[in-house]
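Subject: Structure for you to look at

Hello,

Here is the structure I promised to pass on. Please open it next to this email and follow along.

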Amino acid sequence: MKARNTFAIALCALTFLCNAQTVIPIETKDFSMVFKTDAQHRLWNIYFGKKLKNTSDYKQIDEQYYFPDANAGIYNSAYTPSGTWNLSEPALQVKHFDGNRSTELLFRDVSIANQDGATVTKIKLQDPVYQLEVVLHYKVWSDLNVVEQWAEIINNEKGKIELNKYASANLFFTNKDFYLTHFQGEYLREMMPTEEKLTQGTKTVESKLGTRAMLLGTPNFIVSFENPVQEDSGMALVGQLAWSGNYKLEFDIDSNKNLRLIAGINPYESTYELQKGERFKTPSLIYSISKEGTGLASRQLHSWAKSHRVLNGNGDRLTLLNNWEATYFDFNEDKLSGLIEDTKHLGLDLFLLDDGWFGNKYPRNNDDAGLGDWQENKQKLPNGLGYLVQEADKNEVKFGIWIEPEMVNPESELFKTHPNWVIKQPERSAKLYRNQMVLDLSNPEVQDFVYGVVDNIFTKNPKVAFVKWDCNAVIYNAYSAYLQEKGMPQTHLYVDYVQGLYNVLERIRKKYPDVSMMLCSGGGGRADYEFLKYFTEFWPSDNTDPIERIFLQWNYTYFFPAITMDCHVTNWGNQPLKFKVDVASMGKLGFDVDVNHLTKDELEFSKRAIKNYNGFKHLVLHGEQFRLASPYQNPYASLMYVDKNKSKAVMFNYLSSNRFMERMTKRPIKMKGLDADKNYIIKEVNLNKNDEGSFVNPVKYSGDFLMTVGINPEINVKRTSVVLLIEEVK
Ligand code: GLA
């Protein structure tokens with residue numbers, strides 16, 4: 001990414017009122033986004049599309065368009081202010097120190113720096129009347145076509161100002177047609193896609209739930225240009241607002257049929273005050289742009305996430321046995337010791353103790369009491385967690401633990417001792433969600449408490465190797481006693497909550513940089529790239545019916561690499577165990593079953609499948625992912641992961657609908673990502689005992705054949721899932 005017109009830029013930095021029009025291209029390998037100033041020094045977004053060969057051509061682009069500013073304001077402002085000439089949806093709304101609500105932003109200067117293998121362009125804008133500065137940041141990983149952008153708002157005015165709306169990004173696209181895919185849902189039905197053609201007006205995707213912000217909808221989206229979404233062709237933008245609280249994405253088609261995207265923290269009840277000299281950094285909008293459809297867009301985003309974002313993104317992950325569905329709250333030391341032995345017996349890496357291990361005065365024997373009292377329940381665990389960690393050690397497996405430290409049951413010692421630590425309207429009765437309330441993380445004392453929950457566990461049990469961090473309630477009755485006491489506005493709560501949580505996670509990671517942590521929120525109510533700086537993985541949904549999981553996991557793959565996605569085999573669904581294991585093997589594999597209930601054959605199968613998974617997991621966790629056949633377009637789903645050298649791959653094929661009880665794959669499925677000039681042998685794994693499989697004797701094919709003709713995995717009602725290993729032969 002290069003800045004042209006360096007002289008003009010330097011001059012502008014010095015004089016501010018320079019006459020030269022400045023052109024600022026932000027370039028990736030294949031795309032560019034171009035800004036240009038007008039005669040009044042306002043900054044326009046004049047281009048977003050395929051990169052041009054000569055950057056000097058960019059300055060002529062806007063002459064070819066009609067970008068009027070006469071009727072409803074300049075639609076293509078780089079960061080649309082409000083209260084002056086602009087009458088379209090703003091990115092920024094400010095009440096200045098003197099109460100005035102009008103803002104104008106003029107270009108001041110631009111600078112470019114290299115940071116973490118990326119290029120960061122900072123564009124400084126300033127109000128000519130007020131000492132208000134906005135710095136737009138564009139961080140670009142050029143080779144990956146990935147952009148992270150955010151804004152910083154700086155109050156240099158004479159006194160306090162109020163930010164009423166403060167978007168992270170204000171993008172502008174001039175294509176002809178736009179198709180938006182957004183992902184909505186509810187508990188057990190997370191991440192359900194809807195694609196729609198955008199028409200004039202605004203489509204809003206937002207959350208006001210506070211904590212479990214993604215329960216009903218997510219800040220993930222795909223914009224497809226000119227045509228509906230395609231996997232391997234067409235321009236597509238796959239993006240996410242990386243913010244773990246209330247978000248708002250506005251897709252606004254203006255009267256000239258251009259698309260404006262304004263994305264940021266939801267301004268709903270979130271006016272934020274900035275004292276003189278203070279600055280506000282918005283969360284990031286992160287997106288991958290592709291000229292070859294969503295397949296490439298996802299792969300670019302996955303590579304970025306693994307190398308530049310997710311904690312230990314290129315590292316390993318632990319397979320595990322979770323006791324939640326095997327025991328729920330009903331367990332004791334003996335039962336757990338048995339499960340720890342089962343963990344070893346199955347060949348899994350770690351035993352994860354779920355909810356129900358804590359609380360004495362208010363024992364956690366159900367979900368209506370004990371949350372907040374993080375001391376071992378003496379009846380269930382007379383010898384404490386330490387004993388279980390030792391048991392795990394003895395069995396040469398690791399030990400992990402479930403916590404939900406942001407929440408409290410009213411029936412708990414914590415609540416009785418600190419009623420003021422809870423988010424609740426003082427004059428109204430409490431409204432509970434899953435019998436619990438949310439702790440007020442805007443309060444530093446509460447932050448210390450939450451940090452302490454984790455710190456105590458590790459201090460007492462340094463060998464704990466995994467934490468499942470849950471969050472099961474939304475914020476009702478938003479009110480903070482702490483903010484009130486400090487004379488701070490209540491409208492800071494939604495934002496300060498999330499920032500308070502990030503503070504805690506930051507502290508945890510400082511002291512415990514490596515330990516694996518799973519982000520869970522009653523299933524998929526939380527997963528974003530700000531959280532994933534601190535977490536190694538997330539739990540996509542409590543719905544573990546493998547048929548539903550095919551769709552759910554498929555949808556998550558657009559945004560998240562397999563290494564972040566926890567997939568467990570459970571009792572949900574009445575499909576054969578093989579099917580469940582094969583579906584869970586497309587992500588990070590885990591088990592949540594009562595091992596005693598498995599038949600001898602199932603047990604043997606599980607052991608074999610876990611061994612197989614360990615053999616190919618480097619492909620799933622570190623390979624490139626190719627979606628081959630969508631369950632939305634076929635009665636089956638197929639996807640594969642290929643290693644960097646294109647010498648090894650694993651392909652998963654699942655029957656996702658058997659309405660017609662017929663042989664489903666009547667045609668081959670074309671593979672992707674292999675080398676056409678190489679030869680490969682294909683071998684089927686995870687076969688049931690006595691099952692011959694179709695590829696039991698390795699068959700040899702050329703890469704060209706596999707990608708042009710494809711192979712038929714022969715999925716049918718008797719073979720509902722087929723896992724194939726593909727290996728290069730010389
Ligand atoms: C949530 C999680 C489950 C389990 C329970 C425990 O629902 O999603 O996996 O941990 O809480 O109460």
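Below are my notes on helices, sheets and a few backbone angles.

One caution before the details: this is a predicted model.

**Helix pairs**

Start with H7 (residues 444-460) and H9 (residues 493-511). They pack at an angle of about 25°, and their axes are 9 Å apart. An angle under 35 degrees counts as roughly parallel, and H7 and H9 are therefore roughly parallel to each other. Their crossing is right-handed. On the H7 side, the contact uses Gln447, Asp448, Val450, Tyr451, Val454, Asp455 and Thr459. H9 brings Gly500, Asn503, Val504, Arg507, Ile508 and Lys511. By class, the contact of H7 with H9 has five nonpolar, four polar and four charged residues.

Now look at H10 (residues 546-557) and H11 (residues 577-584). Their packing angle is about 15°, with the axes 10 Å apart. That angle makes H10 roughly parallel to H11. The crossing of H10 and H11 is left-handed. From H10, the contact residues are Pro546, Ile547, Arg549, Ile550 and Gln553. From H11, they are Phe579, Lys580 and Val583. The contact of H10 with H11 divides into five nonpolar residues, one polar and two charged.

**Helix H5**

Which residues of H5 are buried? In this helix, residues 384-394, they are Gly384, Leu385, Leu388, Val389, Glu391 and Ala392. Spacing is worth a thought here. An α-helix has 3.6 residues a turn, so residues three or four places apart point the same way. Just after H5, Glu396 takes a positive phi of about 60°.

Lys203 has Phe251 in S16 as its bridge partner.

Further along, go to S34 (residues 679-685). S34 pairs with S35 (residues 699-702) in the antiparallel sense, over four bridges. The bridge partner of Asn679 in S35 is Ser702. S34 also runs antiparallel to S36 (residues 721-729), and seven bridges join the two. Opposite Val685 stands Val723 in S36.

**Positive phi in loops**

Most residues other than glycine have a negative phi.

- Glu226 is not a glycine, yet has a positive phi of about 75°. Its place is the loop between S14 (217-225) and S15 (236-242). Glu226 is partly exposed, at 33% relative accessible area.
- Lys257 is not a glycine either, and has a positive phi of about 70°. The loop holding Lys257 runs between S16 (247-253) and S17 (259-265). Lys257 counts as partly exposed, with 47% relative accessibility.

Best wishes

Conventions: Residues are numbered from 1 along each chain as its sequence is written. This is a predicted model: local features need pLDDT of at least 70, side-chain atom pairs count only at pLDDT 80 or more; totals for chains, interfaces and linings use all residues. Side-chain values use heavy atoms; hydrogens and water are left out. Buried means under 20% relative accessible area, exposed over 50%, partly exposed in between (1.4 Å probe, protein chains only). Two strands pair if DSSP finds at least two bridges between them. Axes are lines fitted to C-alpha atoms, for helices over the stretch in contact, and angles run from 0 to 180 degrees between N-to-C directions. Angles under 35 degrees count as roughly parallel, over 145 as roughly antiparallel, 65 to 115 as roughly perpendicular and the rest as oblique. A crossing is left-handed if the near helix is turned anticlockwise from the far one by less than a right angle, and right-handed if clockwise. Contact means heavy atoms within 4.5 Å. Ala, Val, Leu, Ile, Met, Phe, Trp, Tyr, Cys and Pro count as nonpolar, Asp, Glu, Lys and Arg as charged, and the others, Gly among them, as polar.
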